[in-house]
Amino acid sequence: MPTPHEGSGISGRHGPVRAPQGIAGGILLIALAALALWLTRDLDQGTLNSMGPAMLPRWLAIGVGLSGLALIAFAFTREGEPLERWSLRGPFFIILAILAFAVTIRPFSFGGITIPGLGLLVAGPLAIIVGGYASPEARFRDLLILALSLTPFCMLLFGDLLNLPIPVFPQALAELFPADWSQKAVMRVTAAVLVAGAFVVFFTTRGSRKTTIDVADHSGRI
Amino acid sequence: MKKIALALAAVAGLAATGAQAQNYPSRPITMIVPFAAGGPTDVVARIVSDHMSRTLGQQIVIENVAGAGGTTGITRAAQSQPDGYTIMMGHMGTHGAAPALYPNLKYDPTKDFAPIGLAAGTPIVIVAKKDFPATDLKGFLEYLKTNGEKVNMAHAGVGSVSHSTGIFFNSVVKAKPTMVAYRGTGPALNDLMANTVDFMTDQIVNVAPQIQGGNIKAFAIATPERSPVLPNVPTTKEAGLEGYEVSAWNAVFAPKGTPADVVKKLNDALVKSLDDENTRKRLSDLGGVIPTAAERTPESLQKLVESEVARWTPVLKAAGATAE
Amino acid sequence: MGDLLSNLSLGFGVALSLQNLFLAFLGCLVGTLIGVLPGVGPIATIAMLLPITFGFDPTGALIMLAGIYYGAQYGGSTTAILVNIPGEATSVVTALDGHEMARQGRAGVALGIAAIGSFFAGTVATLVIAALGAPLTKLALIFGPTEYFSLMVMGLVFAVVLARGSILKAIAMILVGVLLSTVGLDLETGEERMTFGLPFLSDGIDFAVLAMGIFGIAEIMRNLDHTEHRDVVRQAIGRLLPNKEDFKQSYKPVMRGTLIGAILGILPGNGAVLGPFASYTLEKKIAKDPRRFGRGAIEGVAGPESANNAGAQTSFIPLLTLGIPPNAVMALMVGAMTIHGIIPGPQVMTKNPTLFWGMIASMWVGNLMLLVINLPMIGLWVRLLKVPYRLLFPAILMFCCIGIYSINSLPTDVMFIALFGLVGYTLIKFGFEPAPMLLGFVLGKLMEENLRRALILSRGSLETFIERPVSAGLLAVAALLLIVALLPSIRKGRDEVFTE
């Protein structure tokens, strides 16, 4: 008999269930299969001679569902892994950061709300700072410096060097500059300003570390 | 953070309305090509825009936004600011066949655009595997009639040029071959060369090298005149087939509401590009047909779009071809 | 033979000109750079750099673009090993054991063996193309829809062997992968399938989006759970280059991988994606202790990496000799050639011998340059792992977002990596492995299309798969492999069925 894992969040060790992970996985697969079957309900299955669009997805979904059932069945007959502990903080902030990037990089409208395209200038730091909080060890100052130095690096790398068509800054910013300035000149100046900002933050806040306590720092790092 | 975002949003919104036309263009222009880079439309766009950039004094940046037979890219371009900084390369599919193929299309090819001008026509060629029993178009049509569904016709997927023009061909000659779909022209041509499928219709740029190399045979070219790239291939009319003249044309459009003087500037640049020796040579090496002076105006492009929509809609609807 | 020598000397005459050497170097450098950046693929970069090449002669331009292509393949492996984000279908396998090696402090060894294996594979593949390119073209024409379907079935069996844990879970993941690949417009009828009516799903799910989500983003979420995992990476750095023992373990896998990759690369329907998987399967099956695989086995990096590079190289054969592009990057090369006034097709070899042989010779030159560029960089990459994870992961996150956005300029793609990240995290938590799912996804589309095509052509007769000799042979191999994979677990008795 294996002993339950240390720190396994949900304890599924009581009763007939011997592999809680198998149950959860099985349910997930069956749900997925049901979703696929429901989504393809209106499509034609066709014949072997001319297969319809639904034939393969439907059979695959049935296969997925059967695998799910088998997993559940096995969960009662033999020992398996317990469920691992879930952390919510990591996924939450990571997803939030990616979504923040997605809605700000170019004009985006959803329902009645329209967000103007703010470009990499805003989307990049947003992703870094919001994403950074996924770790309990996050410090705002460090993330700010990282954002202020990595964003101009990416602006120059992707916009200038690789020439990828990625929006770099809001159009409004370009109009603050003299009209005869080229897009690239504006980009370079903006990047320089950001880097300068990074230096300013770095030097002006050097002593103020004490405010954050490394609660989660038990990893043996120097 | 939120406050800054809101302020920025307000500034951006204000600035966008105040676009000025007289010193246009003052920054790079984005040309949306609604297909993957490297395809025929992309190649035409790059060749034509290269010289246009020099006339306009600003770089034209090609942005490939592929998807849903080109309608994803065109939808985005149609909804962008009509300031002349976003233009697009439309083609027979996006501005002719799309309304019939996509019932939920978010734009109307005849109403939602400011046409700039026609860039190039790419003729359609009827090609078959090299072991095909017939030697000319007459024999081919004969064979199609007697063998019906036994004949396999390849196409590059619903919504592709070879699909639309193939359906059109079948309706003109009243043939009912079995349709075999491929993802793109490459794999379809490969199976044509391997004698796995029997025939297809596609753009000259895709098939010409294989015809010249003797890997496949061509029955006819669907244009009024023969192409210098394939001088031995007769036109459909010469070969005795009336009513099948199609070209996968490419044309430059701007979103509706683009100022008239901006349209004029872009059209001038396009016309100059099409007069350039280098551009002409590169286009005609591909088998492209360079539009005449009369065909290059925005007005004639508008007429072309209207006539193309009118031509494709009944043909494709009758064949039941939709990509919902 | 004399022909080959004179052709090669013609080629090297072209490739070794100062301008072309410089362009090959530039291409390899840019390629490595974009390959390392997660998400940014060679397609977007080559498309953007096309206008720059207008100024060069066609040969120089194509040499540079080809350099970007194999440079990117190379750089992609670096990211797969260091941060477990496979940028291309072909580096999924590298991530399995390569990243595990990095976690054990052997990132340098993994990168080194990948670089050296790739160079060997590149050299052999160049010779293969030069000597056998034209005759091998015929192989491309033997493979019709029926044969492709059988090949893909064999590939899916590889995925079962690939799995580390429960075989039942692996099969479920493969099925899910194939199911995901059917999302989007149906190719034959144009009907929407499982798209929820969302327009951006109508072309299906992008491989890079799925891979980055379930590998890259999910990996970040998982690392944030376990502090101990990532610190192993940071603490022990270990040797930077492989030693004699490592070479002894890997030279055979490198040779086998090269052979497999080179053959599969010639197939026009993107058979090259199978190369690394096939090589990994082979190595795992013939290894004395298959349990080491997935836990940092050097053979699991050496073989697939060689197969990957050999395949990348030989996939130029259908392009150069037939004018048929086997994958999206090659399609772009077709575009590049046409823009430069060379229409790819069977005539290129005779009409433009300097271009044809110059490109082939430059492939070897490019491989050499990649070795020269990359070996010194290993130290730098390994040091990157020393950056505290709380700062490293936000940076990776931003690079992922930018990279994915640059593929299609679609914010929805960026949102999807978040969704798939969550899916991947859930799968890991439930004990499923993402790799078989990704392989199922890659092969699924090709499999369904070719199945339907084959059945249309055979007018519904399933016998077509056994009647055609090549197809029958492939299916027999697949059946055999499946039995070999399942037997040990069946023999172990009822209690452990479906666990390896």
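In the predicted model, residues 21-39 of chain A are 100% helix and 0% strand, with their end C-alpha atoms 27 Å apart; helices (H or I, at least four residues) and strands (E, at least two) are DSSP runs, numbered from the N terminus. Residues 185-203 of chain A are likewise 100% helix and 0% strand, and their end C-alpha atoms lie 27 Å apart. Both spans are among those that an unreviewed UniProt entry lists as "transmembrane region" in chain A, although such annotations may be inferred rather than shown by experiment. Residues are numbered from 1 along each chain as its sequence is written, and chains are lettered from A in the order in which they are written. Local features need pLDDT of at least 70 and side-chain atom pairs pLDDT 80 or more, whereas totals for chains, interfaces and linings use all residues; side-chain values use heavy atoms, without hydrogens and water.

Chain C contributes 76 residues and chain A 74 residues to their contact (heavy atoms within 4.5 Å). About 6600 Å² is buried between the two chains, 78% of it from carbon and sulfur atoms (accessible area, 1.4 Å probe, lost on being put together and summed over both parts). On the side of chain C, the most area is lost by C:Arg390, C:Met398 and C:Phe430, together 11% of what that side buries.

One salt bridge is counted between chain C and chain A (a side-chain nitrogen of Lys or Arg within 4 Å of a carboxyl oxygen of Asp or Glu). This salt bridge joins the side chains of A:Asp142 and C:Arg390, at 3.0 Å from N to O. Helix α18 of chain C (residues 389-408) gives the most to the side touching chain A, with 12 residues.
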